Amino acid sequence: MTLNTHYNKPTLVLNNNQKVHGKTAWRSPSNIALIKYWGKKPGQIPCNASLSFTLSEAHTNTYVEYSNRQNQAAWIDFKFEGSPEPTFAAKIEKFFRTIADIFPFLEQLSFKIESDNSFPHSSGIASSASSMSALSLALCSIESALFGTLDSPQEFYKKASYISRIGSGSASRSVYPYLGAWGVTDRIAGSSDLYAVPYVDVHESFLSFHDDVVIVSADKKSVSSTAGHALMNSNPFARTRYEQAKANLSKLVHVMKTGDLTEFGKIVEDEALTLHALMMCSDPSFILMKPKTLECIDRIRRYRAETKAPIYFTLDAGPNVHVLYPEEYANAASAFIATQLEPLAEGGLVIRDQVGKGPMKIESA
Ligand code: DP6
């Protein structure tokens, strides 16, 4: 893949005799999209702009130790939660090769990378956004430590988002506190298809919103997000979908500013159901929701109709139900979730999360 951008930096190479050894570590959160990214063009370019809440509790910690690469030594030694994880190690190697034009020094170093997630391994929560953003942030810290670059926070996070995007599209949004927007839209100044931008021009109630994830099934997904995106290329509703996403984003930006929760919920639920409808009408078709996903949705809608409480759902590319509500309804929502949704969760697992402050450096380079 050719990356024709100003980030291609052949000058970021170590001098022949330069001895380096250092460590860095980052904690980076997962995110939940309100406007969904579903469908992409070559080079990890989204077909529509997306917007997400950055989460707080669901995160990945990534520790990177680097030193000069010795001829025989392994390039990347990767451990996940203390054990070697060859599938993920191969993914990281592929990622490093893809970004070698941007970080040519990667091939001059060898790496010991250790990673762990705050959420249970078998919770069915996707970790590509948190893991790819944590790793990308670490790589930017290494660039900064070795070459004295990226000294303004704005430049640092923009590049980290750019690199994260190459690893996994949705990861680009995880590098910012509260909300991140990725993809060109005339509704958000400075937005880009190449990196996400921070988005906080919203009513304050959204900065402390809750997202409790009801784990309906922790099984591995039958179709990966990457394969799902590819099926959009032949989906007969693709063009209409991209127009709908554009219209929904416009409306959402407006209602999030005014704090209109009813309209917020309408748009967010529409996005979730559209995402799954697109999967159902792909060729081949696939269904990631489970009967209990629908049961959760039904109970949330019934509870809302009865109590008028602003409690909404969204879905990721999987069966688990994200329950969204404002802080002032936390007590009522907690009681509802405990009595009505927890019994539908696998092993009673509900991950309580909230909009968060973004990534954090946990050890310096
Ligand atoms: C449904 O970012 O996981 O969660 O770019 O192929 O890594 P790749 O896909 P990924 O897709 C996320 C899809 C989604 C919606 C979203 O997060 O916007």
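In which helix is S141 found? S141 sits in helix α2, residues 128–147, where helices (H or I, at least four residues) and strands (E, at least two) are DSSP runs numbered from the N terminus. This is a predicted model, in which local features need pLDDT of at least 70 and side-chain atom pairs count only at pLDDT 80 or more, while totals for chains, interfaces and linings use all residues. Residues are numbered from 1 along each chain as its sequence is written, and side-chain values use heavy atoms, with hydrogens and water left out.

**Selected residues**

- S141 counts as buried because its relative accessibility is 4%; buried means under 20% relative accessible area, exposed over 50%, and partly exposed in between (1.4 Å probe, protein chains only).
- The side chain of S141 makes a polar contact with the side chain of W26 at 2.9 Å. Such a contact is a pair of N or O atoms within 3.5 Å; within protein, one must be able to donate a hydrogen and the other to accept it, and residues adjacent in sequence count only if both atoms are side-chain atoms.
- L55 belongs to strand β4 (residues 50–68) and is buried, also with a value of 4%.
- E295 lies in helix α7 (residues 291–307) and is partly exposed, at 27% relative accessible area.
- Between the C-alpha atoms of E295 and L344 there are 8.1 Å, although the two are 49 residues apart along the chain.

- β11 pairs with β12 (residues 321–325) in the antiparallel sense over four bridges; two strands pair if DSSP finds at least two bridges between them.
- L315 stands opposite V321 of β12, and a hairpin of five residues joins β11 to β12.

**Cysteines**

- Zero disulfides turn up in a search of the whole structure, a disulfide being a pair of cysteine sulfur atoms within 2.5 Å.
- C281 is in no disulfide, and the nearest cysteine sulfur, that of C47, is 15 Å away.
- C281 is partly exposed, with a relative accessible area of 27%, whereas C140 is buried at 0%.

**Pocket and cavity**

- On a 1 Å grid over the protein atoms alone, a cavity is a set of points where a 1.4 Å probe fits but cannot get out, and a pocket is an open set with protein on both sides within 12 Å along at least five of seven lines; lining residues have an atom within 4 Å of a point.
- Grid points are joined across faces, edges and corners, and a volume is the space filled by probe spheres set on the points.
- The second largest pocket has a volume of about 220 Å³ and 14 lining residues, of which C47, N48, A49, V184 and K246 lie nearest its centre.
- Helix α5 (residues 238–258) gives the largest share of that pocket's lining, four residues.
- By class, the lining of the second largest pocket has seven nonpolar, three polar and four charged residues; Ala, Val, Leu, Ile, Met, Phe, Trp, Tyr, Cys and Pro count as nonpolar, Asp, Glu, Lys and Arg as charged, and the others, Gly among them, as polar.
- The largest cavity has a volume of about 30 Å³, and its lining consists of T62, F78, F88, I92, I113, S115, S131 and L135.
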